[in-house]
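Please open the model in your viewer and keep the selection tool at hand.

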Amino acid sequence: MTLRLAGQSTKTWGIAGAVLALAVSGLFGGLQEAPKPPPAKVGTEIVSPAWKVTVLSARVIASHRALFGLDKTNQWIAVTARVELTANETFKTNGIDHADLSDVVRLTGLKGIVKESKRYGLPSTRADTIILKRDDKMTQMLQPGLPEELEFCWEQKAGSEFPAQLTIQVLGLEWRADSSTNQLQWKLDDGKTVEVVVPLQDQRATTKPVTP
Amino acid sequence: MSFLRRTGSRLASTVLFIAVLAAGYGIATITPDLAAEHRPFLIGGNLSEPIQTRLFEVKVTGVKFGSTVKVAGSLSAKPSPLATGGVWVLIHVKFSANSKPTRINYAALVSADGRTFLATDRVDQKIVIGGRELQPGIPAEGDALFEIPKSAATAGLVARFAAAEKYDVRKDAMAEVVLVPDGAAVFVDTSALAYDPAVKA
């Protein structure tokens, strides 16, 4: 028997191994989609290798002096989070092939977003503009070791509906080599994305643009 | 005999396969990554010393540390002075282009623990990060402003400047100026530092 088994071809051994691996993985859930962790609560600090993020609040506003949209009648979804970079370099908003400051939080599941983007076919939109709350001005960078409250803003078409609670994705990062260039960079780690459900306050009436 | 020969042959193939994988992993591990291979060439110097690079000469003539900054000529009602959760580092610097019009597109502080802080975007920067185009033979000087955490304001802090043509610092000269020498203490001024974005030729 042993001799007959040992005498099988490599192809047969390979197929048998694959079938066995599939059968064993089936015992532990196999190819079923992994259960999603429950969303984090507002005010919970989410720790990733490059940053610590605490989502604080969300609001819908009609305008802000730091926001310049495609249409003046459009509204803005604005999420405030306290962000601390634990990476050892300044993060800017212009990463081309690597993660950047705009990847801290992403918006998902909202209709009417003007510049919507997707990740693996699912809505996951980077912020159009980031406001540094300390100065109430637009910023394009965050320094390591200096936690700041940032307001991430997405332009939404005028009159678009929005829910009472907003789902925000706080993205996770990993420091790894780019598969094509071998350059070490901060890359998105989709397995570490944490969702946060935050109440969305309607502040459009109090943030109407000032007409000269 | 045939069974033993076949088993031996498979074992040898497996060992060879694992050896090739191990060799590949070893080569990939000891080979520097692209960022290390393409790193800029640092040319070091101290405060008040001219440092010559391929495209420009730089001389840092002063450095101050403060908890707030007042921006000269600011049109905005607030916030002036600017507060920080860390320390402001105000550098007075003089540049001159060597042989062709040049901009200083890269300006950063590097702390003793290896963290890199780009020049802040909380104020308009005119002498660095793409501001004034330097003309050969016409030196220009002005202030550059940085924001760093208190833990970075220690001995070993250096400033780095590069032309970064096409915003790329790779494989080109970069000046490195020691702002706080080893053993020196940092004095953080509690009165507002005066930052002047104007470039003076």
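Select Glu174(A) and look across to strand 14 of chain A, where its bridge partner is Lys187(A). Extending the selection to residues 173-177, which are strand 13 of chain A, and to residues 184-188, which are strand 14 of chain A, shows an antiparallel pair joined by five bridges; two strands are taken to pair if DSSP finds at least two bridges between them. Between these two strands lie six residues, so that they form a hairpin, and Asn182(A) in the turn has a positive phi of about 65°. Helices (H or I, at least four residues) and strands (E, at least two) are DSSP runs, numbered from the N terminus.

Before moving on, note that this is a predicted model, in which local features need pLDDT of at least 70 and side-chain atom pairs count only at pLDDT 80 or more, whereas totals for chains, interfaces and linings use all residues. Residues are numbered from 1 along each chain as its sequence is written, chains are lettered from A and ligands numbered from 1 in the order in which they are written, and side-chain values use heavy atoms, with hydrogens and water left out.

Next, select residues 10-27 of chain A, which are helix 2; its 18 residues should span 26 Å at 1.5 Å a residue, and the end C-alpha atoms are 26 Å apart, which agrees (the expected span is 1.5 Å times one less than the number of residues). After helix 2 of chain A comes Gly29(A), with a positive phi near 105°.

Now show both chains and select the interface, where 26 residues of chain A are in contact (heavy atoms within 4.5 Å) with 26 residues of chain B. The area buried between chain A and chain B (accessible area, 1.4 Å probe, lost on being put together and summed over both) is about 2100 Å², and carbon and sulfur atoms give 51% of it. On the side of chain A, the residues that lose the most area to chain B are Arg134(A), Asp135(A) and Leu146(A), together 23% of what that side buries.

Which side chains meet in a salt bridge with 2.7 Å from N to O? They are those of Asp135(A) and Arg122(B), a salt bridge being a side-chain nitrogen of Lys or Arg within 4 Å of a carboxyl oxygen of Asp or Glu. The pair crosses between chains, from the loop between strand 8 (129-132) and strand 9 (137-138) of chain A to the loop between strand 6 (116-118) and strand 7 (140-148) of chain B.

Note on methods. Buried area is the accessible area (1.4 Å probe) that two parts lose on being put together, summed over both.
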